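Please read them alongside the coordinates.

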Amino acid sequence: MDLGSGSGVECFLAAAEVGASGQVFGIDMTDAMLELARSSQKHVVTDLGYDNIEFRKGYLEAIPLADETADVVISNCVINLSPDKRRTYLEIMRILKPGGRLVVADVVSDTPISAAIKNSTKYRGECLGGAMQQDDLVAMLEDCGFSSIYLHKRFSYREVDGHFFYSLTYEAGKAERAEGEEERVRCLFRGPAPALETPSGVRLERGHITALSRREAEQLSEQVFLLDEEGAVANIEQEACCCAVPQMRPGRIMPSSQEALPLSVMSVVASSAVKSWSIKAIAAQRRAAFSAVARPLLLVSAGLVIMSAIVVTSRKALRLSARSA
Ligand SMILES: C[S@@+](CC[C@H](N)C(=O)[O-])C[C@H]1O[C@@H](n2cnc3c(N)ncnc32)[C@H](O)[C@@H]1O
């Protein structure tokens, strides 16, 4: 699978490499590039004597290929152009077979890139504005579950306003799943110790995200946050914070805007805390809020009405007895 196949050159080289029994896919978001690649394909397959290439329209961030189908993903000078690189790497992880690998050539920098370069249409188009810092790239690959990360080549590429850019070729693997091995999950060690070594020897550093087998991660219980794909904590129910009521997202048990408690009631129930965002819990919280606010108010109002009635009645009785006296 070639991501951002452009004119198709890498796909043609790969087609010869994998042979007639192999299959090569190229994806690109641009119609003109797909058209160019498909027109060259006709000549290439005639020369090869077989056709094992398919160009598909699609995005790096939503790759049109089924889960665990690719042995190798390649990409030349494209990932820097992705507006959501984490999503891209997670997509690559999804389509790779266990034991598969990613081999990429792309532009990186060593130092943070200035906002002027990042936001320049010219430099983004020249593959510089969206280039990642090399250590962030490695951290992101690890964070997305890649292992055996290896830097093949690095050479100077460009210098802009004192920023140095390099062309880096790197490889990263998707771990082989052993027979019966559990899936891996991303976990974030919460501290307070600066680091923790798991029984299998994985070092977890406070505040860093590390991939761990689900069994081992669950053994660590609340020492770690288990993260879902969006980085949200999935293993611990958390109290709502005062910043905002979380939005409903697919697959989440959170209140919709209609189900969310009004802010005034929220503040009343804040001390008893919103423990869970399940709809049942919201109904229970509403009942609690009613007990906390409305019931005492009703009792006080009823008391006031009775007191006023007593006062009026006793005044009348006093007036009557005064008149008869
Ligand atoms: C710099 S060219 C590289 C083409 C080819 N890999 C090569 O080396 O000749 C970038 C290509 O990636 C495609 N591209 C850029 N961002 C993309 C994205 N997010 N999803 C899919 N294709 C993308 C562009 O349409 C373009 O064809």
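1. Leaving aside its neighbours within four places in sequence, Leu-102 is in contact with Val-73, Tyr-89, Ile-92, Leu-96, Leu-141, Phe-146, Tyr-170, Glu-171 and Ala-172; contact means heavy atoms within 4.5 Å. The model is predicted, with local features needing pLDDT of at least 70 and side-chain atom pairs counting only at pLDDT 80 or more, while totals for chains, interfaces and linings use all residues. Residues are numbered from 1 along each chain as its sequence is written, and side-chain values use heavy atoms, with hydrogens and water left out.

2. The largest nonpolar core has 30 residues, of which Met-1, Val-73, Tyr-89, Ile-92, Leu-102, Phe-146 and Tyr-170 touch the most other members. Such a core is a set of buried Ala, Val, Leu, Ile, Met, Phe, Trp, Tyr and Cys residues joined through side-chain atoms within 4.5 Å, where buried means under 20% relative accessible area (1.4 Å probe, protein chains only).

3. At least two residues of this core come from each of β2 (24-28), β4 (70-76), α3 (85-95), β5 (96-109), α6 (134-143) and β8. Helices (H or I, at least four residues) and strands (E, at least two) are DSSP runs, numbered from the N terminus. The top contributor is α3, with five residues.

4. Eight of the eleven residues of α3 are buried, so the rest of the structure largely encloses this helix. Among the buried ones are Lys-85, Thr-88 and Glu-91. Their cover includes β1 (2-3), β4, β5, β6 (132-133), α6 and β8.

5. Thr-169 lies in strand β8 (residues 163-173) and is buried, at a relative accessible area of 15%.

Definitions and conventions:
Buried means under 20% relative accessible area, exposed over 50%, partly exposed in between (1.4 Å probe, protein chains only).
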